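Visitor: I'm new to this one. Could you walk me through how to read it, feature by feature?

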Amino acid sequence: MTIPLLDLVAQYRDIQPEIDDAVRGVLERGAFILGPNVEAFEREIASYLGVSHAVAVASGTDALILALRACGIGPGCEVIVPAYTFFATAEAVSHCGATPVLADIDPRTCCLDVADVVRRVTVRTRAVVPVHLYGHPVDMAPLLEMARERGVKVIEDNAQAIGAEYMGRKTGSLGDVGCLSFYPTKNLGAYGDGGMIVTHDAAVADTVRKLRSHGWRTKYRPEILGWNSRLDELQAAILRVKLRHLDSWNAQRRQIALRYGALLSDADVGLPWEAPYARHVYHLYVLRTKKRAAVQRHLTELGIASGIYYPLPLHSVELYRGLGDGPGSFAEAERAAEETLAIPLYPELRDEEVGVVASAISEALED
Ligand SMILES: *Cc1c(COP(=O)(O)O)cnc(C)c1O
């Protein structure tokens, strides 16, 4: 038996008739870029997240770049990002000509430590990008309060957390702008690349609409220097089908997480924490252990996949060495990079497979 980290083919088989119909509909209509499915999908996401505007773009990375640009971030601005995240969070800041400033993480959630953010704020700080890592929300209330007091924009990187909640409200809808990714492995994944920005701010939405399509509202009349960053009809049609299943998939993810938690409660391993303010959607189920290499080796021998998200904190990535002061600069991010291990969790994972994975982990930790 082999158990992958996720199984997109199994998911397709479960919803094949709906997907095939949606794809055929697009092919028969013959409109492929920013058509009726994209518009409908934007409305459906806006309503799902409880925001007034949604603008689809070509990827989650583009969503971050265009959101930052629409918030006026450029050269001379500092933008605070977590030291432990996917590289794109900081990359987007650099692409705007601004300077990423790192802050450490809370070891319980691996999300931004808001107290450390406050310490890193300067007169040049224009934005902060909380990343709802692994599907768990950042503690937004104190972050939003600080941002309001200082006039700092809050741009949520919600790539991993669609459907997650902070105090009963959907992540992505809490700050000035939320950014989504529909990369195939995300909780709501396309069969290709895709992304979206969501916001309550009509002006930001309007600017992103221009930026994603050559800076124009009316064809051939650019108002600002833009881009080509659009979602296509096929992906939108597929994502509309999948959005209808998202809540039930996220519920299944939570069920599996609960099962892992029960099976591993006696093992000497750090389990994911769900804060009292949070509804976690377990994009990844991430353990913490000092014996990571041994656990991973044992799982591999048994045909069980596992993954490290992420092996390096940003200030250890060659390109971003300058953002830290060597080892010890962001102690919790560094520790997380050494101890985190994601194990298989996806809605189609069967109970007996969950049992097999949990036993393998317990065995590895006993040696
Ligand atoms: C996936 C991801 C992105 C980028 O999304 P793409 O669609 O792959 O460009 C950004 N931030 C985080 C935290 C992500 O997980």
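**Helices that cross**

Guide: Let's begin with a crossing: α9 passes α11 in a right-handed crossing. A crossing is called right-handed if the near helix is turned clockwise from the far one by less than a right angle, and left-handed if anticlockwise. Helices here (H or I, at least four residues) and strands (E, at least two) are DSSP runs, numbered from the N terminus.

Visitor: Before we go on, what kind of model is this?

Guide: It's a predicted model, in which local features need pLDDT of at least 70 and side-chain atom pairs count only at pLDDT 80 or more, while totals for chains, interfaces and linings use all residues. Residues are numbered from 1 along each chain as its sequence is written, and side-chain values use heavy atoms, with hydrogens and water left out.

Visitor: At what angle do α9 and α11 pack?

Guide: Angles run from 0 to 180 degrees between N-to-C directions, and axes are lines fitted to C-alpha atoms, for helices over the stretch in contact. Helix α9 (residues 292-301) and helix α11 (residues 351-366) pack at about 135 degrees, their axes 9 Å apart. That makes α9 oblique to α11; under 35 degrees counts as roughly parallel, over 145 as roughly antiparallel, 65 to 115 as roughly perpendicular and the rest as oblique.

Visitor: Which residues of α9 and α11 meet?

Guide: Contact means heavy atoms within 4.5 Å. From α9 come Ala294, Val295, His298 and Leu299, and they meet Val357, Ala360, Ile361, Glu363, Ala364 and Leu365 in α11. Sorted by class, this contact of α9 with α11 has 8 nonpolar, 1 polar and 1 charged residues. Ala, Val, Leu, Ile, Met, Phe, Trp, Tyr, Cys and Pro count as nonpolar, Asp, Glu, Lys and Arg as charged, and the others, Gly among them, as polar.

Visitor: How far apart are the axes of α1 and α8?

Guide: The axes of helix α1 (residues 8-29) and helix α8 (residues 233-263) are 8 Å apart, at an angle of about 150 degrees. That makes α1 roughly antiparallel to α8. Among the residues in this contact are Ile15, Ile19 and Val23 of α1, along with Leu234, Val241 and Trp249 of α8. The class count for α1 with α8 is 11 nonpolar, 2 polar and 5 charged residues. The crossing of α1 and α8 is right-handed.

Visitor: And what is the handedness of the crossing of α3 and α7?

Guide: The α3 and α7 crossing is right-handed. The axes of helix α3 (residues 60-70) and helix α7 (residues 202-211) come within 9 Å and cross at roughly 125 degrees. That makes α3 oblique to α7. Leu66, Arg69 and Ala70 of α3 make the contact with Val204, Thr207, Val208 and Leu211 of α7.

**Sheets**

Visitor: Now the strands. How do I read a sheet?

Guide: Strands of a sheet pair through backbone hydrogen bonds, either parallel or antiparallel. Two strands pair if DSSP finds at least two bridges between them. Here, an open sheet of 7 strands has the order β1-β11-β10-β7-β6-β2-β3, with mixed pairing. Its edge strands, β1 (53-57) and β3 (99-103), each pair on one side only. On average, neighbouring strands of this sheet are turned by 25 degrees against each other, direction ignored.

Visitor: How many bridges pair β1 with β11?

Guide: There are 5 bridges between β1 and strand β11 (residues 195-199), in the antiparallel sense. Val57, for instance, has Gly195 in β11 as its bridge partner. Helix α6 (residues 140-150) lies across β6 (125-128) and β7 (153-157), running at about 150 degrees to β7.

Visitor: What is the order of the open sheet of 3 strands?

Guide: That order is β9-β8-β12, with antiparallel pairing. Strand β8 (residues 165-166) is joined to β9 by 2 bridges, and Tyr166 has Arg169 in β9 as its bridge partner.

**Rings and backbone details**

Visitor: How many aromatic pairs are there?

Guide: Rings of Phe, Tyr and Trp (its six-membered ring) pair if their centres lie within 6.5 Å; planes under 30 degrees apart count as stacked, over 60 as edge-to-face and the rest as tilted. By this rule there are 10 aromatic pairs. The rings of Tyr166 and Tyr277 have centres 5.0 Å apart and planes at 50 degrees, so this pair is tilted. Tyr166 lies in strand β8 and Tyr277 in the loop between α8 and β12, so the pair ties together parts that are 111 residues apart in sequence.

Visitor: Which residues does a cis peptide bond join?

Guide: Tyr309 and Tyr310, with omega about 15 degrees. Tyr310 is in the loop between α9 and α10 (331-339).
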